[in-house]
Amino acid sequence: MGMEYLDMYLVHWPVKLKPWACNPIPDEDEFEPLDLETTWSGMEKCLDLGLCRCIGVSNFSTKKIEQLLDFASVPPAVNQVEMHPLWRQRKLRDFCRDHNIHVSAYSPLGGPGNSWGSTLVVNSPTIRAIANKRKATPAQVALRWGLSKGSSMIVKSFSPERIKENFGAFDLKLDGQDFMEIDKLEERKIMRGEFLVNETTSPYKTIQDLWDDEI
């Protein structure tokens with residue numbers, strides 16, 4: 001990448017693929033047995049060599065982080081996961097907070113515009129009602145909710161207007177009633193990871209195996 005070091009280096013998913021695998025959706029013959037302890041040892045080596053400043057994980061359940069902490073010399077600095085008002089991740093957030101692991105939220109608006117994404121978050125009647133009351137946009141409400149939980153929000157846009165709108169979330173104030181209404185929303189995970197599940201070569205035979213029933 002032409003850089004001296006990375007600020008953050010993550011294990012993207014708790015799976016291992018063959019070295020030549022490059023498809024966004026892995027073929028069934030591209031999976032290899034996962035040895036997380038060896039993988040994490042390699043991550044720690046990158047840290048020791050100064051190739052990165054921090055190491056972390058992504059799409060790890062509470063149970064998988066617990067297993068990692070059993071052998072890690074350096075605990076993950078961050079767990080990057082899907083998180084938004086329709087997938088609130090309370091159990092995972094509480095666990096990560098107790099172990100000083102920062103939670104970073106990808107798709108904090110539900111991933112609209114992505115092939116796998118959804119507009120369920122920004123089109124939620126509850127989110128829209130709060131936005132109207134606060135003279136804000138649904139995106140700002142969703143982002144403010146996530147920021148209030150102490151998480152960083154990973155938002156991508158190529159539109160200067162939309163980028164400016166997203167920054168408006170920092171100035172938005174939500175009250176206890178707003179948070180109560182959001183907590184009543186039925187939860188739904190959008191990025192479910194079915195493409196990593198199969199009954200032969202993947203370590204995960206069901207979607208519940210992948211997320212350790214946190215879905």
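Lys133 touches Asp175 and Asp178, leaving out residues up to four places away in sequence; contact means heavy atoms within 4.5 Å. This is a predicted model, in which local features need pLDDT of at least 70 and side-chain atom pairs count only at pLDDT 80 or more, while totals for chains, interfaces and linings use all residues. Residues are numbered from 1 along each chain as its sequence is written, and side-chain values use heavy atoms, with hydrogens and water left out. The largest pocket has a volume of about 830 Å³.

**Helix α4 and Lys133**

- Lys133 lies in helix α4; helices (H or I, at least four residues) and strands (E, at least two) are DSSP runs, numbered from the N terminus.
- Lys133 is partly exposed, at a relative accessible area of 45%; buried means under 20% relative accessible area, exposed over 50%, and partly exposed in between (1.4 Å probe, protein chains only).
- Between Lys133 and Pro112 there are 23 Å in space, C-alpha to C-alpha, and 21 residues in sequence.
- Within α4 (residues 125-134), Ile127, Ile130 and Ala131 are buried. They lie on the same side of α4 because they cover an arc of only 100° around the axis, the arc being that of the directions from the helix axis to the C-beta atoms.
- An α-helix has 3.6 residues a turn, so residues three or four places apart point the same way.
- Pro125 and Asn132 are exposed residues on the face of α4 turned away from its buried side.
- The packing partners of the buried residues of α4 are α5 and α7 (176-183).
- After α4 comes Lys135, with a positive phi near 55°.

**Largest pocket**

- A pocket is defined on a 1 Å grid over the protein atoms alone, as an open set of points with protein on both sides within 12 Å along at least five of seven lines; a cavity is a set of points where a 1.4 Å probe fits but cannot get out, and lining residues have an atom within 4 Å of a point.
- Grid points are joined across faces, edges and corners, and a volume is the space filled by probe spheres set on the points.
- The volume of the largest pocket is about 830 Å³. Its lining has 31 residues, of which Ser107, Gly111, Asn114, Trp116 and Lys156 are the closest to the centre.
- At least two lining residues come from each of α5 (138-148) and α6 (160-167), and α6 gives the largest share, 3 residues.
- The lining is made up of 15 nonpolar, 12 polar and 4 charged residues. Ala, Val, Leu, Ile, Met, Phe, Trp, Tyr, Cys and Pro count as nonpolar, Asp, Glu, Lys and Arg as charged, and the others, Gly among them, as polar.

**Second largest pocket**

- The second largest pocket holds about 230 Å³ of space.
- Its lining consists of Tyr9, Leu10, Val11, His12, Trp13, Val15, Lys16, Leu34, Thr39 and Met43, divided into 7 nonpolar, 2 polar and 1 charged.

**Cavity**

- The count is 1 cavity of 30 Å³ or more, and the volume of the largest cavity is about 70 Å³.
- Phe60, Ser61, Val81, Trp87, Gln89, Leu92, Lys189, Trp211 and Glu214 line the largest cavity. They divide into 5 nonpolar, 2 polar and 2 charged.

**Loop residues**

- Most residues other than glycine have a negative phi.
- Asn59, not a glycine, has a positive phi of about 60°. Asn59 sits in the loop between β4 (52-58) and α2 (62-71) and counts as buried, at 2% relative accessibility.
- Asn100 also has a positive phi, near 55°. Asn100 is in the loop between α3 (90-98) and β6 (102-106) and counts as exposed, at 70% relative accessibility.
- Val197 belongs to the loop between α7 and α8 (207-211) and is partly exposed, with a relative accessible area of 22%.
- Beyond its neighbours within four places in sequence, Val197 contacts Ser202, Tyr204, Lys205, Thr206, Ile207 and Leu210. The C-alpha atoms of Val197 and Leu210 are 7.4 Å apart, at a spacing of 13 residues along the chain.
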